[in-house]
Amino acid sequence: MDEETIVALATPPGRAGIAVIRFSGRRSAEIVRRIVRPLPDRPKARHSYHGFIHDEGKRIDECLAVIFRAPSSYSGEDMAEVSLHASLFVVAETLSLACRCGARPALPGEFTYRAFRNGKMDLLQAEAVNELIQANSRAGALMEFGNLEGRLSRAVAAVRSALLNEAADVESAIEFAEDQHLASAGNSALDEAAASLDAILAASRFSDVLSRGLAVVIAGRVNVGKSSLFNALLLQERAIVSALPGTTRDFIEETLHLDGFTVRVTDAAGIRPVAGDDIENQGMQRSLDKIAGADAVLFMMDASQPLQENDLEIARRLGAKKRLLLANKSDLADERAVRAIRDAFPGEDVHLVSARNGDNLGVVSAFLKGLLRDLPDVSGMVAVNLRQKGLLQALREAIGRVRDLQAQQPAAVELVAEEIRRALRIIGELTGEVGADDILRGVFARFCIGK
Ligand SMILES: Nc1nc2c(ncn2[C@@H]2O[C@H](COP(=O)(O)OP(=O)(O)OP(=O)(O)O)[C@@H](O)[C@H]2O)c(=O)[nH]1
Ligand SMILES: [Mg+2]
């Protein structure tokens, strides 16, 4: 398959200043020379040539072309990049022209897959390319770039070398029947490996938050002003606000960027015990689901009206979620209502705000920033995705079994050797050295086309 030359748009489809069309494979330069003129017979590598895209003798756009020669390219193969105007029509025409000249449209992730096959990067680094593109926070992006530069690969390589050393000792113990030697051998390297895996796994909880962003839901009974707060946070009239209870029927989700993090804010349908109709009921169920999946809740009550049993019922449903208590409509605040709210939440701060006027809404951004500050400093952490996490856990367990078996008297050397081989196989799966094709396909299918 690597014999074929592939082509794809590497920039997002749409109208923009420029678009980049990328080629990989032996015929890259030849195909580009047929499309882009003038180009010399043997273009210099990594040199930017100015020219025009020609379709059957007609110039259709002006462009810059760069040729790369194997192995000094992203994929490790001969490659080319053509930058042209990001016009939907010119890009489509250039791609079809490239295909008529012998290129084939690339599959998702195929450029990176080739880089992996050609040894430019291991599977962990290839995955980091995609995770970096998808990262939803500055910190997450930095962690992924760390992996692209080999941070996770190096951590795994250290575990591998500890295992290989151990394997050598075990083999010689088997050969010379020296059980004692094995049992007494210091195993600090394996213990260090286990500790480093523990640290990576402990941090993986946070890499999850970093990659998907922090999820925050605005919850409360109908008509308290949830959508008004949502709009105020987004600085736009996104959700419909009205005096009619039950205005918001489905949830609306938007993202905010705060201190380099993505916060996904959800405006949920108001929750009330006897719902107006089936649509509203479904909306309420979705609200409850959203609350269950949230990292924190902005719980809103109405300072202008007596506290209702329903308010308390919803508060109970929040369980142990991190929450900010808001008493909205401070401009119409009723003293007794506010006192009742405060009494209902002893030991917790209740903030009087006005979503409509913007009064005191600073407490909301302070709360969100507080949540982000609670995240640990990630600069020293290693990002892991779900696939990697499962394998790292299995690896950690295998090392635990090795240590347990070694502690037995007499040490079960054959079993230890078997367990070490198992651990090494897991490492091979992590880095992609042993990989069933479907695992590889699954990993690269998550990429976008052109990467
Ligand atoms: N006086 C005053 N009215 C407000 C304030 N915030 C919201 N309102 C009004 O309260 C009514 C309900 O506001 P929404 O934001 O639609 O309330 P909601 O909680 O999203 O309502 P549902 O979607 O029906 O659950 C509207 O008439 C708003 O203008 C406020 O701070 N002060
Ligand atoms: Mg609403």
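How many strands form the open sheet, and in what order? Seven, in the order β3-β4-β5-β6-β2-β1-β7, with mixed pairing. Strands here are DSSP runs of E with at least two residues, helices are runs of H or I with at least four, and both are numbered from the N terminus. Two strands pair if DSSP finds at least two bridges between them.

Ground rules, quickly. This is a predicted model, where local features need pLDDT of at least 70 and side-chain atom pairs count only at pLDDT 80 or more, while totals for chains, interfaces and linings use all residues. Residues are numbered from 1 along each chain as its sequence is written, chains are lettered from A and ligands numbered from 1 in the order written, and side-chain values use heavy atoms, with hydrogens and water left out.

β3 (36–37) and β7 (104–105) are its edge strands, each pairing on one side only. Strands β4 (residues 48–55) and β5 (residues 58–68) run antiparallel, joined by eight bridges. Y49 stands opposite A65 in β5.

Now the loops. P38 lies between β3 and β4. The peptide bond from R37 to P38 is cis, with omega near 0 degrees. R46 lies in the loop between β3 and β4 too. Its phi is near 55 degrees, a positive value in a residue other than glycine. P71 lies in the loop between β5 and β6 (79–86). A70 and P71 are joined by a cis peptide bond, omega about 0 degrees.

Polar contacts next: pairs of N or O atoms within 3.5 Å. An oxygen atom of ligand 1 is 2.7 Å from a side-chain N or O atom of S354. For a polar backbone atom of A355, the distance from a ligand oxygen is 3.1 Å. For one of V224, it is 3.3 Å. The protein covers 94% of the 650 Å² of accessible area that ligand 1 has on its own, by the Shrake-Rupley method with a 1.4 Å probe.

Technical notes:
A polar contact is a pair of N or O atoms within 3.5 Å; within protein, one must be able to donate a hydrogen and the other to accept it, and residues adjacent in sequence count only if both atoms are side-chain atoms.
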